Amino acid sequence: MANSSKIEKKAALPGDPNCPICHGIGFVRYDLPVNDPNFGKMEICVCRQEQVRKLKEEHLYNVSNVESFRSMTFDSFNIHGRTNEKDANKSLEVAFKSSKAYASQPNGWLFLTGKFGCGKTHLAAAIANEIISNGMQTLFLTVPDLLDWLRYAFSGEEASFETRFSEIRDIPFLVLDDLGTQNSTPWAEEKLFQIINHRYVNRLPTVITSNLDIAEINERISSRINDRELVMKISIIAPDYRDPFSEHKDSPISTLAYLSDHRTFNNFSARKNEKLPANEQKSLDQAFLAAQRFAENPTGWLVFLGAYGTGKTHLAAAIANYRQTAGDEPIFTVVPDLLDHLRATFNPNSPISYDSVFNQIRNAKLLILDDLGIQNTTPWAKEKLFQILNFRYETKAPTVITTSVKLEDMDPRIRSRMLDTRVCEIFSLEVRPFENLQ
């Protein structure tokens with residue numbers, strides 16, 4: 001490649017203004033012999049390559065449906081579980097190492113099975129996050145959401161359904177979470193089989209998780225999963241991370257018990273020693289005072305907006321812990337987990353009904369919904385969340401919501417209720433994330 005370069009002026013994201021090669025334009029066209037295959041081609045300047053890489057990664061996240069699980073990485077996975085059971089911990093270790101190895105070289109299929117809450121989804125999301133960071137187009141879908149997307153597309157133009165179906169079927173890397181929790185109508189089973197069979201025939205990298213034993217899965221699908229030449233099967237025997245001592249009880253919807261020790265008002269960091277910019281410190285102080293006021297007298301809605309790691313969850317949990325010491329029974333639930341609980345009731349073997357879970361959430365004396373995010377973009381999930389929130393809006397039931405989604409990107413029906421100042425207060429934590437998140 002020649003030492004000198006001709007700079008092509010083209011509208012694009014700028015490069016480094018001090019770059020001696022492109023002088024801030026971001027693109028270059030190098031002097032090359034006419035017979036060189038790269039003659040006349042535009043190239044991204046070296047000063048801008050990292051920026052382009054990050055933009056590409058963000059685009060992959062935007063289309064992957066993994067955003068809600070972005071914090072689920074291999075680094076954040078607890079390989080030791082929450083018990084001292086040797087066999088359980090060994091199965092977690094095997095699943096962790098196998099998943100990490102698969103993420104580094106995603107050939108064939110990986111099938112993760114185990115009871116609700118054992119860590120399957122975390123590992124599947126960790127794989128997806130790593131695959132995306134390596135530049136591969138990825139799609140992460142729970143099976144009920146997958147079928148819901150297809151039903152929604154099918155109700156419109158035929159071309160829309162075919163396009164969506166083909167995208168899912170042919171995506172370079174696919175994660176199907178919670179196989180078996182879907183409502184198994186003949187139509188749903190046929191569409192699901194067509195996707196899985198297509199990926200089986202074409203040997204497309206795929207991760208599947210399920211609460212079911214292989215013998216409980218539809219025979220046509222299980223026969224593909226049983227192909228030892230293509231599929232690596234890992235069984236996790238660890239109990240629920242959120243309630244390791246209740247293997248034979250209904251999984252708790254509220255996870256407040258695991259936040260009671262380290263998410264209180266007393267140990268919330270006001271970050272005074274960090275010398276934050278005045279506007280950031282003010283937004284943090286205002287949110288803290290609002291949380292304290294709400295905890296003293298929980299009426300209406302309180303919404304915390306902000307990026308990950310700004311303290312939203314800590315404040316929401318502090319409210320719940322304060323009310324619990326006052327004798328209330330608040331429900332604190334992460335929205336993706338809540339949707340998992342609702343989907344799990346679709347399993348014919350579920351010991352608890354959909355209505356009982358739905359009504360428990362809808363009628364809670366105090367409800368804290370943590371991480372209301374992009375998971376509510378599927379039609380089914382969007383409708384369920386709206387039904388819950390609309391009921392609580394109409395009854396003015398005390399509700400705390402945290403979200404990293406911008407208000408303008410929220411479901412318009414939910415946003416309109418949040419903007420009703422007679423019911424709701426909104427506080428934006430416009431502060432940089434904590435550097436040392438636990």
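**Figure 1. The largest nonpolar core.** Of the 32 residues in the largest nonpolar core of this predicted model, Trp301, Leu342, Ile401 and Met418 touch the most other members. A nonpolar core is a set of buried Ala, Val, Leu, Ile, Met, Phe, Trp, Tyr and Cys residues joined through side-chain atoms within 4.5 Å. Two or more residues of this core come from each of β9 (301–306), α10 (335–344), α11 (354–362), β11 (367–370), α12 (379–394) and α13 (412–418). Helix α12 provides the largest share, seven residues. Helices (H or I, at least four residues) and strands (E, at least two) are DSSP runs, numbered from the N terminus. Leu342, leaving aside residues up to four places away in sequence, touches Tyr354, Val357, Phe358, Trp380 and Lys384; contact means heavy atoms within 4.5 Å. Another core, of 29 residues, lies apart from the largest one and includes Leu147, Phe165, Leu174 and Leu176.

The model is predicted: local features need pLDDT of at least 70, side-chain atom pairs count only at pLDDT 80 or more, and totals for chains, interfaces and linings use all residues. Residues are numbered from 1 along each chain as its sequence is written, and side-chain values use heavy atoms, with hydrogens and water left out.

**Figure 2. The chain as a whole.** The secondary structure of the chain consists of 13 helices and 13 strands. Of the 438 residues in the chain, 51% are buried. Buried means under 20% relative accessible area, exposed over 50%, and partly exposed in between (1.4 Å probe, protein chains only). The chain has an accessible surface of about 21,800 Å², and 50% of that surface belongs to carbon and sulfur atoms. Accessible areas come from the Shrake-Rupley method with a 1.4 Å probe; for residues, only the protein chains shown count as cover. Among contacts in the chain with a separation of 6 or more, 75% are between residues 24 or more positions apart.

Figure 3. Strand β4 (residues 109–114) is largely enclosed by the rest of the structure, because six of its six residues are buried. In a regular strand the side chains alternate between the two faces of the sheet. In β4, Trp109, Phe111 and Thr113 point one way, while Leu110, Leu112 and Gly114 point the other way. Strands β4 and β7 (residues 206–210) pair in the parallel sense over five bridges; two strands pair if DSSP finds at least two bridges between them. Opposite Leu110 in this pairing stands Val207 of β7. Strand β8 (residues 231–236) also runs parallel to β4, to which six bridges join it.

**Figure 4. Salt bridges.** The structure holds 13 salt bridges, each a side-chain nitrogen of Lys or Arg within 4 Å of a carboxyl oxygen of Asp or Glu. In the salt bridge of Lys365 with Asp328, the closest N and O atoms are 3.2 Å apart. Lys365 lies in the loop between α11 and β11 and Asp328 in the loop between α9 (312–325) and β10 (331–334), so the pair ties together parts that are 37 residues apart in sequence. Lys365 is exposed at 58% relative accessible area, whereas Asp328 is buried at 12%. A salt bridge also links the side chains of Arg422 and Asp420 (2.8 Å, N to O). Arg422 is exposed, with a relative accessibility of 70%, and Asp420 is buried at 10%. Arg323, Asp328 and Lys365 belong to one network, joined by salt bridges that share partners.

Figure 5. The structure holds nine aromatic pairs. Rings of Phe, Tyr and Trp (its six-membered ring) pair if their centres lie within 6.5 Å; planes under 30 degrees apart count as stacked, over 60 as edge-to-face and the rest as tilted. Phe265 and Tyr322 form an edge-to-face pair, at 6.3 Å centre to centre and 65° between the planes. Since Phe265 lies in the loop between β8 and α8 (278–296) and Tyr322 in helix α9, this pair ties together parts that are 57 residues apart in sequence. Phe265 is buried at 13% relative accessibility, and Tyr322 is partly exposed at 31%. The pair of Phe268 and Phe288 is stacked, because the ring centres are 5.5 Å apart and the planes lie at 15°. Phe265, Phe268, Phe288 and Tyr322 form one aromatic cluster.
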